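Subject: Structure handover

Dear colleague,

I am passing on the structure we spoke about, and below it you will find an account of what a search of its atoms turned up. Please read the notes alongside the coordinates.

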Amino acid sequence: SSSDQRQVIQASEILAKIKRGEPVEYDYKVIEGDLDLSGLYLPTEQVGRTKQELRQGLSEELKVIASEITIINSEIRGKVNFSNAHFQKTVSFWGDKSFKRVEFTNDVDLRGAQFDGNVNFAGVIFNYANFMWTEFTGETDFGGTRFKGDVYFWKSVFSRGANFLQAKFGRKARFGGAQFNGTANFMFAEFTEYAGFGEVQFSGKANFQQATFGEKVWFLGAVFRE
């Protein structure tokens, strides 16, 4: 279905709901404008950061997001800046069988975010995406996700299962220093360019069965505990 058949929602409407702590639920929409949390006045909490983290744009103050966020079968046309945020409930961006995708047409920045609930990005299409130092406390699903541009999971922490089944990485995929405390499933994943897993800690089972690597792959210093 073409996007012009879908209702257009302004990003400001979604940001207003987040500011009020209300659930965010949208299906089969086009979202215009930037989803940028940095300008919202929200409750905050303090966290410790290293000098290296501060140099990478992380803040010692996290915005607390009380809203549950569910956006499915939709196209997000603006930039997404959810960095330095603490999400207390489930966050889901996915597509069902009738549409099969959510697409972010611009950059997505989740540096230093913390997710207490489950995170579902199954089947999503990203361009550039930055998940550096992001903490995923619940189950994390990137199954069938397509990363068209570079993606960074450097120093990210996956406390439970991390599913990248059939994920496609069109450019550089950087997981250096990430921690997988549960199962890490990269079965049938496709890495077109550089795949960096240097110094990654796999504390649970790691499955790379039938994954394909098109160019350089880097596992120097990685630890597999199971």
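**Pocket, rings and core**

The largest pocket has a volume of about 150 Å³, and please keep in mind that the model is a predicted one. Of the 11 residues that line this pocket, the closest to its centre are G123, G144, R146, Q166 and K168. Sorted by class, the lining is made up of 5 charged, 3 polar and 3 nonpolar residues.

Turning to the aromatic side chains, a search of the whole structure gives 49 aromatic pairs. One of them joins F131 and F142, whose rings are edge-to-face, with 5.5 Å from centre to centre and 85 degrees between the planes. This pair links distant parts of the chain, 11 residues apart, since F131 belongs to the loop between β17 (129–130) and β18 (135–136), while F142 belongs to the loop between β19 (140–141) and β20 (146–147). Both F131 and F142 are buried.

A second pair has another geometry: the ring centres of F202 and F224 are 4.7 Å apart and their planes meet at 5 degrees, so this pair counts as stacked, the cut-off for stacking being planes under 30 degrees apart. Here too distant parts of the chain are linked, with F202 in strand β30 (residues 201–202) and F224 in strand β34 (residues 223–224), 22 residues apart. Are the two partners buried or exposed? F202 has 0% relative accessibility and therefore counts as buried, whereas F224, at 42% relative accessibility, counts as partly exposed.

The charged end of R6 sits over the ring of Y28, at 5.7 Å from the ring's centre, and K155 lies over the face of W154, 5.6 Å from the ring centre.

With kind regards

Key
Residues are numbered from 1 along each chain as its sequence is written. This is a predicted model: local features need pLDDT of at least 70, side-chain atom pairs count only at pLDDT 80 or more; totals for chains, interfaces and linings use all residues. Side-chain values use heavy atoms; hydrogens and water are left out. On a 1 Å grid over the protein atoms alone, a cavity is a set of points where a 1.4 Å probe fits but cannot get out, and a pocket is an open set with protein on both sides within 12 Å along at least five of seven lines; lining residues have an atom within 4 Å of a point. Grid points are joined across faces, edges and corners, and a volume is the space filled by probe spheres set on the points. Ala, Val, Leu, Ile, Met, Phe, Trp, Tyr, Cys and Pro count as nonpolar, Asp, Glu, Lys and Arg as charged, and the others, Gly among them, as polar. Rings of Phe, Tyr and Trp (its six-membered ring) pair if their centres lie within 6.5 Å; planes under 30 degrees apart count as stacked, over 60 as edge-to-face and the rest as tilted. Helices (H or I, at least four residues) and strands (E, at least two) are DSSP runs, numbered from the N terminus. Buried means under 20% relative accessible area, exposed over 50%, partly exposed in between (1.4 Å probe, protein chains only). A charge sits over a ring if NZ of Lys or CZ of Arg is within 6 Å of the ring centre and within 35 degrees of the ring normal.
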